[in-house]
Amino acid sequence: IVMAKLEESWTLPGILGCKVVGILHPFPFLEDYNARIFAVESFFSAEISVSQKRNILNKYQVSYLLIPRKESAMFKGMKDYLRLLQEDDEFLLFQYTNSI
């Protein structure tokens, strides 16, 4: 399961076949759609703590994070839980582990 901003989550399942935490459009088979949208928006907010971010990731059993490079500074506090897998000019792809 991938945690990505909603703008990227919109296309990832169709391109990669992966599961994501939230999507931009309502989906009748996703009963907790609004909670997932809130979780994604909260996760990418600079206002929440590393502990709160980890709680979100653990709740949705996230294994990977796709983070815009320009926002990577807000995730420095999570470095003990992330392993960089791939990067390009726009994004960083991390593997997430919920333990050190």
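1. Helix 3 buries Tyr 33, Arg 36, Ile 37, Ala 39, Val 40, Ser 42 and Phe 43, where buried means under 20% relative accessible area, exposed over 50%, and partly exposed in between (1.4 Å probe, protein chains only). Helices (H or I, at least four residues) and strands (E, at least two) are DSSP runs numbered from the N terminus. The model is predicted: local features need pLDDT of at least 70 and side-chain atom pairs pLDDT 80 or more, whereas totals for chains, interfaces and linings use all residues. Residues are numbered from 1 along each chain as its sequence is written, and side-chain values use heavy atoms, with hydrogens and water left out.

2. The buried residues of helix 3 pack against strand 1, helix 1 (6–9), helix 4 and strand 2; contact here means heavy atoms within 4.5 Å. Ser 42 lies in this helix and counts as buried because its relative accessibility is 14%. Not counting residues up to four places away in sequence, Ser 42 touches Ile 48, Lys 53 and Ile 56.

3. The largest nonpolar core has 30 residues, and those with the most contacts inside it are Met 3, Phe 43, Leu 57 and Leu 65. At least two residues of this core come from each of strand 1 (2–4), helix 3 (33–43), helix 4 (50–59), strand 2 (64–68) and strand 4 (91–96). Helix 3 gives the largest share, five residues. Such a core is a set of buried Ala, Val, Leu, Ile, Met, Phe, Trp, Tyr and Cys residues joined through side-chain atoms within 4.5 Å.

4. Residues touched by Met 3, not counting those up to four places away in sequence, include Val 21, Val 40, Phe 43, Leu 57 and Leu 65.

5. The largest pocket holds about 190 Å³ of space. Among its lining residues are Ile 1, Pro 13, Cys 18, Lys 19, Phe 27, Arg 36 and Tyr 60. The lining divides into nine nonpolar, one polar and two charged residues. A pocket is an open set of points on a 1 Å grid over the protein atoms alone, where a 1.4 Å probe fits, with protein on both sides within 12 Å along at least five of seven lines; lining residues have an atom within 4 Å of a point.

6. Arg 83 belongs to strand 3 (residues 82–87) and is partly exposed, with a relative accessible area of 49%. Its side chain is joined to that of Gln 95 by a polar contact of 2.5 Å, a polar contact being a pair of N or O atoms within 3.5 Å, one able to donate a hydrogen and the other to accept it.

Conventions: Grid points are joined across faces, edges and corners, and a volume is the space filled by probe spheres set on the points. Ala, Val, Leu, Ile, Met, Phe, Trp, Tyr, Cys and Pro count as nonpolar, Asp, Glu, Lys and Arg as charged, and the others, Gly among them, as polar.
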